[in-house]
Amino acid sequence: MAVLRPAGEFDTSYARDMATVRQPWQWAALFGFIAALYLLPVYASSSTVALINRIGISIIAVQGLNLLTGLTGQISLGQAAFMMTGGYLSALLVGRLGWSFVAALPIAALSTGAIGLIFGLPSLRVKGFYLVMATLAAQFILPWFFRNAFPEILGGAQGIVVQPPVVLGVEFNEPARYLYLTLSALIVSTLLAYNLSRSRLGRAFVSIRDNDLAAELLGVNLFKHKLQAFFLAAVFAGIAGVLSAHNLRHINSETFDVTDSIFLLGMLVVGGLGSNLGPIFGAVVVELLTEAATLFGPFFVGIFPSAAGGVQALRPLFFGVTLMLFLIFEPRGLAHRWQIFKAAWRLRPFSHT
Amino acid sequence: MNWQLLPQFAASGLLAGGPIALVALGIVLVFKSSYIFNFAHGHMLLMGALITWWLAVEVGLPLWLSIVLALALSALLGWLVERLALRPMTGQPLLSIILMTLGLSQVLQGLALLLFGGAQRNFPQIFSAADPYKIVTPFTVDDRPIVIILKQNLVWSFVAAMLGVIVISAFFRFTRTGLAMRGASEDHELAQSIGLRIHRIFGVSWALAGTVAATAGILLATSSGLDLSLAVVVLAAFPAVLLGGLESIPGAIAGGLIIGLSQGVVAAAKAQWVRDTTEIVPYVALLIVLLIRPEGLFGQKRIERI
C-alpha cells in the first residue's frame, strides 16, 4: 500500500521525509497516550495495572520474535525458552551475586542473545520447517538444563525466588510501581525495533525473508544476518524474561513452556507479521482474550461440570480459535486492517481501493 | 554404563519405541500426502484416548465397542480438521500452515479440558499388567545371568503398534486408494491431471492419521495412564519422524524404535547426570540429525540452497 499523504503536504528536507511522527497533533497524541499509560496507577485498578504489565512484557518478547520471524522469515518456536534464560540469568546476577538490577538487565539480555546465537547455528544448514524443529529443541533442552544442572545454584525443579528490583533506591515491589519499569523498557524496545526495521540491517532481513537466493546475490551475508536476527530476538526475549521474572518474583523451569512459545508466535500473526504495530496489537488482543477466559471461566464450568477450572480450558480454546480465524480470513493481521482503516479515513468520502 | 541392567533397559526402551513409531507413522502419513507437518497430532491422539475412556468408563460400553467407536470418531475428527482448517490453507506460506496446526493443537487442548477435565484417569487395562515375561539370557555379568523382565502390557502394546504399522504399509502397498495416495504424494498437480481427486485423498489421509493417532493414544494410555500430558509425551515422536525421514514409512518405524532404544540405553547409565538426560535424548538426537543429515535416514534428499 502506497504511503498516502494529505494533499498539499510536501517534504522539504530528508529529515522530514524520514520522520515517523509527522504532525504536531501526532506528537501531542503520542505524548498524551504515553502520559496516560504512565499515570495509569492514579485512575485504574491494580488488576488493570497488572494486566498492562503483562501486556508490556509480552509486547517486548513479540517484538524480538518479529525481527526474527516477521522480518527475517526464520520461524522460531523457542522464544519462551530464551525468556526463561533471561529470567534465570537475572535472578542469578541479582539474587546470588548481589548485582544491581540496572547492571543485571543488560548483561542478562546480552548473555541470552549469546545463547540464542547457539540455537541459531542450525540456520546455517537448514531452513523452514527444519529450523522450527531446531528451535523446538531449544524449548526442551534449555528448561531441562535449568531443572537439572547445578541444583544448588539453580534450585532444581523448585527454581529461584527473585527479589523485586531496586533502581536508584526505589524498590519496585508492587504492580503500580513495576509499571514504570515495564513502560520504560517498552518505549526503548519499541524505538529500537522500529528503527532497526527501517535501517540497513532491517532491509537486509527483509531481503532474506523475501528471497534468500536473490539477497545473497545482492551481497547480503545470509549466515551473518540470520545469526544477527537470532541474537536480537533472543536479546528482546531476554529483556522480557528479566522483567517477567522480577514481576512474578519467582522462576522455575515450567514458567515458560512450549505453549508460551506458541502463544508468542500467535500474537505475532494476529497482530501482523513484519509490521511494527503488529506485536503491540497482537499482544494486547491475546492478553485480553486471556482476561476474557478468566471472566467467562465460571460460566463455562457451569455448563460443562467435568471441565477443569474454566480459564485453563478457555485460554487455549479462545487463543486457538482466534489464531485459526485470523490465518484463514486475515493472514496479514490487525496491522494490515489498521492500514486499510487509515487509508479509508484519508480518502473519505471516496472508497479506498 | 551399568552392564547388568543395560539389556533390560534397552529391551524396555525398544518396546516403548513401538507406540512412538506408530505416532511417527501418523505424522508421516499426513506429510506424505499433503506436505503438512501436523503439530496437532499429539492432541488428536489425546482426543482419541479420552473418547475411548469416556465411552468405556463414563458411558459404560464394552471396551471393544468403545475402541471401535473411538477410532471411527477420530477418523471423523481428522477429516473435519482437514476440511475446516487446512483446506483454506492450500497454497499459503509455510508459516501459516505451521501456525494453523499449532492453533489447532491449542483448540483441541482447550476442548479436551472443557469436555473431559484435566484429572489423571485410570484407563481400562486392555492387556494384563500381571505376570511379566521373564527371559533368562545365556550371558552373564559378574557371574550373574542377565535376566530381562518384560511387562506384558508393554509387550502387547508393542505388538499391537507393529500390527498397526503392518496394516498401514499393506494398505499403501496393495489397495487402489493406497496407490492413489502414493501417486498423489509424488506431485499434486500431476496427480490431478491423471484424474486423482486430490482433496478426497487429503481427506482420506487425515482420517487415516486420526485413526492411527487414536490407536497410538489408546496404546500409550493403557500402558502409562491417561492425562493431558499424553499430548506432550508425543513430542518425542517429532525427532523420530525427522530421524527416519519425513516422507518415509519405514523411516518412521526405524526412527521410533531408535529413539526408544537410545532413551533406554541412556537410562541404563551409571552416572546420575547421564540418566537425567533421558528426557532430552530425542531432541539432542534431532539436533545431530539436523546438522549431519537433515533429510533423515530414509528421506528424499532435496537439493536446496540455504
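Colleague: Is the crossing of α6(A) and α12(A) left-handed or right-handed?

Modeller: The idea is that you look along the line between the two helices: the crossing is left-handed if the near helix is turned anticlockwise from the far one by less than a right angle, and right-handed if clockwise. For α6(A) and α12(A) the crossing is right-handed. Helices here are DSSP runs (H or I, at least four residues; strands are E, at least two), numbered from the N terminus. One caution before we go on: this is a predicted model, where local features need pLDDT of at least 70 and side-chain atom pairs pLDDT 80 or more, while totals for chains, interfaces and linings use all residues. Residues are numbered from 1 along each chain as its sequence is written, and chains are lettered from A and ligands numbered from 1 in the order in which they are written.

Colleague: At what angle do the axes of α6(A) and α12(A) cross?

Modeller: Axes are lines fitted to C-alpha atoms, for helices over the stretch in contact, and the angle runs from 0 to 180 degrees between N-to-C directions. Helix α6 (residues 101-120) of chain A and α12(A) cross at roughly 140°, and their axes come within 7 Å. Under 35 degrees is roughly parallel, over 145 roughly antiparallel, 65 to 115 roughly perpendicular, and the rest oblique. So α6(A) and α12(A) are oblique to each other.

Colleague: Which residues of α6(A) meet α12(A)?

Modeller: Contact means C-beta atoms, placed from the backbone, within 7 Å. On the α6(A) side, A:L105, A:A108, A:A109, A:T112, A:G113 and A:G116 are among them, and on the α12(A) side you find residues including A:F230, A:F231, A:A234, A:A237 and A:G241. The spacing has a simple background: an α-helix has 3.6 residues a turn, so residues three or four places apart point the same way. The contact of α6(A) with α12(A) divides into 15 nonpolar, six polar and one charged. Nonpolar covers Ala, Val, Leu, Ile, Met, Phe, Trp, Tyr, Cys and Pro; charged is Asp, Glu, Lys and Arg; the others, Gly among them, are polar.

Colleague: Where do the buried residues of α9(A) pack?

Modeller: Buried means 20 or more other C-beta atoms within 10 Å of the residue's own, exposed means 12 or fewer, and partly exposed is in between, with C-beta atoms placed from the backbone. In α9(A) the buried set includes A:Y178, A:L179, A:T182, A:A185, A:L186 and A:S189. The buried residues of α9(A) pack against α3 (40-43), α4 (46-71), α10 (200-210) and α12 (222-248) of chain A. For its length, multiply 1.5 Å by one less than the number of residues: the 23 residues of α9 (175-197) should span 33 Å, and the end C-alpha atoms are 31 Å apart, which agrees.

Colleague: How many residues of α13(A) are buried?

Modeller: α13(A) is mostly covered, with 12 of its 14 residues buried. A:I262, A:L265 and A:V269 are among those buried residues. Just after α13(A), A:G272 takes a positive phi of about 135°.

Colleague: Which residues in α4(B) do those of α13(A) meet?

Modeller: A:I262, A:L265, A:G266 and A:V269 meet B:L99, B:L102, B:G103 and B:Q106.

Colleague: How many residues does each chain bring to the contact?

Modeller: Chain B brings 38 residues and chain A brings 40. On the chain B side, the elements giving two or more residues are α4 (94-116), α10 (237-244) and α13 (281-292). α4(B) gives the most, with 18 residues. The chain B side divides into 27 nonpolar, eight polar and three charged.

Note on methods
Two residues are in contact if their C-beta atoms, placed from the backbone, lie within 7 Å.
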